[in-house]
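Please keep the sequence and the structure in view while reading.

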Amino acid sequence: PSIRRLVLCSGKVYYELDELRQGSSIGDVAICRVERLCPFPCDLIQRELKRYPTPRLSTAMKALGRGNVDDIKYVGRAPSAATATGFYSMHGKEQNELVTKALQPEPIVNPH
C-alpha cells in the first residue's frame, strides 16, 4: 500500500507507535525515528521523505526547505519545562493519546 503519513518521532515512543501500527494492521503509515534533533537534520529528513513519493509527503518535503508547512502537523504534549507530567497515570493517558492521534486514519487537526 502507498504511504499516506510519515510519522517522525524520537525516543521510546517509536516502539509504542510501531506496536500499535502492527497490532492494528496499519500498513499506510511509515515511522521514522529521529534521535538528533538539534541541529535539526533537515537533509536526513528530506532523504527519508523522498522514499515516499505521495503528493502529501512531497508537499511536506518542500515545506522543510521553504514555503508552506500546512501538511506538517505536530502531535505531542504541550510545551513544558518537564518531559512528562510527573504523574504516572497522566503520563500514560497523554502517551496513549499522542500515539493514537499520530496513527489515526483521519487527518490530524492541530488546535492552533
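In helix H1 (residues 13-23), Val-13, Leu-17, Asp-18 and Arg-21 are the buried residues, where buried means under 20% relative accessible area, exposed over 50% and partly exposed in between, with a 1.4 Å probe and protein chains only. Viewed down the axis of H1, these buried residues fall within an arc of 135 degrees, so they line one face of the helix; the arc is that of the directions from the helix axis to the C-beta atoms. Helices (H or I, at least four residues) and strands (E, at least two) are DSSP runs numbered from the N terminus.

**Helix H4 and the segment after it**
- The buried residues of H4 are Gln-95, Leu-98, Val-99, Ala-102 and Leu-103.
- They cover an arc of only 120 degrees around the axis, which puts them on the same side of H4.
- These buried residues of H4 pack against E1, H1 and E2.
- Val-109 lies in the segment after H4 and is exposed, with a relative accessible area of 62%.
- The C-alpha atoms of Val-109 and Lys-73 are separated by 7.6 Å, although the two residues are 36 residues apart along the chain.

**The loop residue Leu-37**
- Leu-37 is placed in the loop between strand E2 (29-33) and helix H2 (42-49), and it is partly exposed, with a relative accessible area of 45%.

**The chain as a whole**
- The protein chain holds 4 helices and 2 strands, and from the N terminus on its elements run β-α-β-α-α-α.
- Of the 112 residues of the protein chain, 27% count as buried.
- Among contacts in the protein chain with a separation of 6 or more, 56% come from residues 24 or more positions apart.

**Basis of the values**
- Residues are numbered from 1 along each chain as its sequence is written, and side-chain values use heavy atoms, with hydrogens and water left out.
- As this is a predicted model, local features need pLDDT of at least 70 and side-chain atom pairs count only at pLDDT 80 or more, whereas totals for chains, interfaces and linings use all residues.

Methods
Contact = heavy atoms within 4.5 Å.
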